[in-house]
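Here are my notes for you to read alongside the viewer. Take the points one by one, and find each residue on screen before you move on.

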Amino acid sequence: MEDSTAVTGGTASRAGGGTRRVFVDKQSPQAYRALVKTAGAVALEAAEAGLDRTLIELVNLRVSQLNGCAYCLKTHTEAALRGGESPMRLALLPAWRDTEVFTARERAALALAEAVTDPSDARAREEAYTGAAEVFTDAELSAVIWVGTTINAFNRVSIMSGHPVRNA
């Protein structure tokens, strides 16, 4: 069923009696601009650390999958495909542990991204960090953590705002 969300100012109202949502990015533009600025700084850190765009988009996608953020999944799937990522690897991403299509560095980044998204399991968090520290420099490790942290924030903004996802 197609989304029939009407956006007015910083709010969205849904036809059919759904809950009215405040688009928090529009309602609080200064806070959202700060988040966007942070994302820019994180992208610069990741580039300076030498992380390739494919790895960054895999982290963005995996975190967005875990959080169930449809808006960010659409956005980062499109970015990954534009960057040359294969549709098959994207389809296998939810089962990355059960396949050999991801490199050791990608696997370490995905495990770390999952730990950033749900840090409540101390053992899993420690294993992910230790594994990532074996394949990444300190700068790369920090950048992966920041990428995961930042996409988690964007996921929450989009999910709580109810950002609509429309057909292309």
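1. Start where helix 7 and helix 8 touch: Tyr 129, Ala 132, Ala 133 and Val 135 on the helix 7 side meet Glu 140, Leu 141 and Ile 145 on the helix 8 side. Sort the residues of this contact by type and you get six nonpolar, no polar and one charged. Keep in mind throughout that this is a predicted model.

2. How do these two helices lie relative to each other? Helix 7 and helix 8 pack at about 135 degrees, and their axes are 8 Å apart. Angles over 145 degrees would count as roughly antiparallel and 65 to 115 as roughly perpendicular, so this pair is called oblique. As for handedness, helix 7 passes helix 8 in a right-handed crossing.

3. Now look at Glu 140, which sits in helix 8. Is Glu 140 buried or exposed? Its relative accessibility is 8%, so Glu 140 counts as buried, the cut-off being under 20%. Setting aside neighbours up to four places along the chain, Glu 140 is in contact with Ala 49, Leu 51, Arg 105 and Val 135. Take Leu 51 from that list: Glu 140 and Leu 51 are 89 residues apart in sequence, yet their C-alpha atoms are 6.6 Å apart in space.

4. Leu 51 turns up again in the nonpolar core. The largest core has 35 residues, and Leu 51, Leu 55, Val 59, Phe 136 and Val 144 are those with the most contacts inside it.

5. Beyond its neighbours within four places in sequence, Phe 136 touches Leu 51, Leu 55, Arg 105, Ala 108, Ala 109, Leu 141 and Val 144. Leu 51, Leu 55 and Val 144 are also named among the core residues with the most contacts.

6. Next, helix 3 (residues 53-67) and helix 4 (residues 70-82). Their axes come within 9 Å and cross at roughly 155 degrees. Why call them roughly antiparallel? The limit for that label is an angle over 145 degrees, so helix 3 and helix 4 are roughly antiparallel to each other. Here the crossing of helix 3 past helix 4 is left-handed. From helix 3, Glu 57, Asn 60, Leu 61, Ser 64 and Gln 65 take part, and they meet Cys 72, Leu 73, His 76, Thr 77, Ala 79 and Ala 80 from helix 4. By type, the residues of this contact come to five nonpolar, five polar and one charged.

7. You'll find Glu 57 in helix 3, and its relative accessibility is 4%, so Glu 57 counts as buried. Which residues does Glu 57 touch, leaving out those up to four places away in sequence? They are His 76, Ala 79 and Ala 80.

8. Helix 4 also packs against helix 8. The two axes come within 8 Å and cross at roughly 130 degrees, which makes helix 4 oblique to helix 8. Tyr 71, Cys 72 and His 76 of helix 4 make this contact with Ile 151, Phe 154, Asn 155 and Ser 158 of helix 8.

9. Over to Arg 107, in helix 6. Its relative accessibility is 27%, so Arg 107 counts as partly exposed. Away from its close sequence neighbours (up to four places), Arg 107 touches Trp 96, Arg 97, Thr 99 and Phe 102. Arg 107 and Gly 131 are 24 residues apart in sequence and 9.2 Å apart, C-alpha to C-alpha.

10. Finally, zoom out to the chain. There are eight helices and three strands, in the order β-β-β-α-α-α-α-α-α-α-α along the sequence. Of the 168 residues, 38% count as buried. Among contacts with a separation of 6 or more, 63% are between residues 24 or more positions apart.

Notes: Residues are numbered from 1 along each chain as its sequence is written. This is a predicted model: local features need pLDDT of at least 70, side-chain atom pairs count only at pLDDT 80 or more; totals for chains, interfaces and linings use all residues. Side-chain values use heavy atoms; hydrogens and water are left out. Axes are lines fitted to C-alpha atoms, for helices over the stretch in contact, and angles run from 0 to 180 degrees between N-to-C directions. Helices (H or I, at least four residues) and strands (E, at least two) are DSSP runs, numbered from the N terminus. Angles under 35 degrees count as roughly parallel, over 145 as roughly antiparallel, 65 to 115 as roughly perpendicular and the rest as oblique. A crossing is left-handed if the near helix is turned anticlockwise from the far one by less than a right angle, and right-handed if clockwise. Contact means heavy atoms within 4.5 Å. Ala, Val, Leu, Ile, Met, Phe, Trp, Tyr, Cys and Pro count as nonpolar, Asp, Glu, Lys and Arg as charged, and the others, Gly among them, as polar. Buried means under 20% relative accessible area, exposed over 50%, partly exposed in between (1.4 Å probe, protein chains only). A nonpolar core is a set of buried Ala, Val, Leu, Ile, Met, Phe, Trp, Tyr and Cys residues joined through side-chain atoms within 4.5 Å.
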